[in-house]
Amino acid sequence: MECLTHPAGVSVLGMLAGIIGVIALVAVNALFLIWMERKVSAHMQLRPGPMEVGWHGAIQTVADALKLMGKELITPRDVDRPVYLAAPIVVFLPVLLTFLVIPFSQTLIIRDMNVGILLILAFAALTVLAILMAGWASNNKYSVLGAIRSVAQNIAYEIPLLITLMSIILMVGSFSLVDIVAAQKTYWFVLVQPLAFILYLTCATAETNRAPFDLPEAESELVAGFHTEYSGMRFALFFLAEYTNMFIVAAIATVFFLGGWHGPFLPGIAWFFIKVYFVIFMIMWFRWTFPRVRFDQLITFAWKILIPLAFANLIITAFIMKLR
Amino acid sequence: MVSYFKEILTGFASLLGGMAVTIRYFFKPIVTVQYPREKIIMTPRFRGHTQFILDPETGTHRCIACELCVRTCPSQLITMKGVKLDTKKKVPWMYVIEYQYCSLCGLCIEVCPTTSLEWSDEYRLAGFTREDSVFDIFARLQNQQRLAGLPVTPVPEHPAEGEAEPEGEVQA
């Protein structure tokens with residue numbers, strides 16, 4: 001925790017640039033991802049998707065966002081007001097903080113902390129709290145059911161997620177994301193840890209509450225889950241957080257398995273974004289391929305398959321590292 | 001223990017199979033037609049509204065203004081007015097259908113003694129007013145001739161648009 005107690009390399013200008021950069025990235029990323037999601041889903045169903053606003057509907061999401069800003073913010077009468085109002089902010093702040101340690105290229109990183117991945121996972125876990133707050137404070141049975149499901153699911157899937165990442169951390173011997181990327185100069189870890197990569201992608205899909213694990217907001221049974229009672233920009237904040245979470249889990253996959261900024265010809269930052277959006281494309285691909293699982297199947301899958309496999313992978317990795 | 005791993009592997013293989021299907025569809029060409037901007041070629045037996053057949057020999061219509069189609073139409077939606085060019089030959093100078101009443105029965109086409117009518121392939125017929133679905137077949141023929149580069153059949157000289165006069169002529 002040395003870097004937290006001795007903030008020697010921090011300049012005010014650098015912090016300001018970092019904050020502005022991250023907020024711009026979050027906004028542009030969400031707008032792009034919604035458009036990409038609609039395009040990917042459309043093409044998988046032989047449709048063109050949005051085509052009217054801008055080139056191939058490219059600024060359709062900008063129009064949608066403008067519309068959302070103009071909407072009335074409705075607060076239902078019987079909600080728990082302070083918690084209800086705090087939930088969208090609580091869901092969004094940890095998402096912003098995790099950008100602190102993501103290495104976009106060799107030099108472009110806000111702070112290289114030696115607790116990097118722990119910081120990301122700790123803040124990502126706060127999302128669950130926000131979802132529970134939103135669901136509980138809404139005073140709506142669908143919301144609270146969605147929130148309960150989300151908590152059960154996220155806790156179940158965080159365990160294999162941590163264990164699979166732990167096997168990489170064992171290989172590198174560092175929690176810092178920069179060290180982990182630097183260790184992949186000769187080969188990417190997806191080549192030596194394919195099982196861990198598959199397990200991580202599965203858990204990441206579940207962590208971001210996306211299909212086939214989108215039970216917290218299963219629209220056919222729970223209206224919209226925990227954000228049923230939210231409208232306008234409050235709803236947009238949940239949406240923004242969801243898509244930014246997608247970016248973060250894809251960024252972690254890139255850093256841990258796909259070699260981060262390493263790649264020929266193009267600059268490091270271009271490679272980083274190409275890999276991140278490829279992983280996001282994979283997650284979208286899952287969504288439009290697999291049907292939603294039942295809740296008991298979801299929990300069984302986590303505890304009976306993912307966690308034993310993750311443990312086996314960790315133990316085998318530990319053995320090999322010890323024998324080398 | 002063996003069955004546990006076997007189940008995982010077969011399940012994983014089936015998941016990959018599903019993903020192979022969706023990625024194959026992802027790269028297939030899309031089938032949606034951007035409706036107001038694109039036009040598709042209709043099948044030859046498509047029934048749009050009726051239109052005059054453009055006779056390839058004479059380069060014009062074959063209508064003799066016998067009014068059989070007007071009489072046979074169950075919805076009475078055809079308004080046709082003919083004029084005698086000389087003692088023998090009679091031609092229409094006005095042929096209008098009120099398409100909103102048409103049931104596409106095709107009796108007008110069947111009954112025509114000179115087979116001068118056919119189904120058009122026009123399917124973009126949406127309009128904002130009732131008048132948008134009233135089609136002037138004669139004007140449409142002139143348009144077809146213009147598109148085909150043929151000499152345009154002029155509207156024949158006709159008596160002034162009175163009420164009693166043309167009908168009286170037909171009944172006489």
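**View 1. Strands β2 and β3 of chain B pair antiparallel in this predicted model.** Strand β2 covers residues 78-84 of chain B, and strand β3 covers residues 90-98. Seven bridges join the two. Together β2(B) and β3(B) make a hairpin, with five residues between them. One bridge to look for pairs K84(B) with K90(B) in β3(B).

**View 2. Strand β5 of chain B pairs with β3(B).** These two strands also run antiparallel, and three bridges join them. E98(B) has V134(B) in β5(B) as its bridge partner.

**View 3. Three strands of chain B form an open sheet.** The order is β2-β3-β5, and the pairing is antiparallel. At the edges stand β2 and β5 (134-136) of chain B. Each has a single partner strand, so one side of each is left without a neighbour in the sheet. Ignoring direction, neighbouring strands of this sheet are turned by 15° against each other on average.

**View 4. Helices α11 and α12 of chain A cross.** Two packed helices are described by the angle between their axes and the distance between the axes. Here the axes of α11(A) and α12(A), the latter spanning residues 268-287, come within 8 Å. They cross at roughly 115°. The crossing of α11(A) and α12(A) is right-handed.

**View 5. Side by side, the residues where α11(A) meets α12(A).** From α11(A) come M246(A), F247(A), A250(A), A251(A), A253(A) and T254(A). From α12(A) come F272(A), K275(A), V276(A), V279(A), I280(A) and I283(A). By class, this contact has ten nonpolar, one polar and one charged residues.

**View 6. The largest nonpolar core holds 81 residues.** Y200(A), A250(A), A253(A) and F256(A) touch the most other members. Helix α11 (residues 232-256) of chain A gives the most to this core, with 15 residues.

**View 7. Y200(A) and its contacts.** Leaving out residues up to four places away in sequence, Y200(A) touches L161(A), T164(A), L165(A), A253(A) and F257(A). Of these, A253(A) is also listed with Y200(A) among the core residues that touch the most other members. A253(A) is one of the α11(A) residues that meet α12(A) as well.

**View 8. Chain A meets chain B.** Eleven residues of chain A are in contact with 13 residues of chain B. On the chain A side, eight residues are nonpolar, two are polar and one is charged.

Technical notes. Residues are numbered from 1 along each chain as its sequence is written. Chains are lettered from A and ligands numbered from 1 in the order in which they are written. This is a predicted model: local features need pLDDT of at least 70, side-chain atom pairs count only at pLDDT 80 or more; totals for chains, interfaces and linings use all residues. Two residues are in contact if their C-beta atoms, placed from the backbone, lie within 7 Å. Ala, Val, Leu, Ile, Met, Phe, Trp, Tyr, Cys and Pro count as nonpolar, Asp, Glu, Lys and Arg as charged, and the others, Gly among them, as polar. A nonpolar core is a set of buried Ala, Val, Leu, Ile, Met, Phe, Trp, Tyr and Cys residues joined through C-beta atoms within 7 Å. A residue is buried if 20 or more other C-beta atoms lie within 10 Å of its own, exposed if 12 or fewer, and partly exposed in between; C-beta atoms are placed from the backbone. Helices (H or I, at least four residues) and strands (E, at least two) are DSSP runs, numbered from the N terminus. Two strands pair if DSSP finds at least two bridges between them. Axes are lines fitted to C-alpha atoms, for helices over the stretch in contact, and angles run from 0 to 180 degrees between N-to-C directions. A crossing is left-handed if the near helix is turned anticlockwise from the far one by less than a right angle, and right-handed if clockwise.
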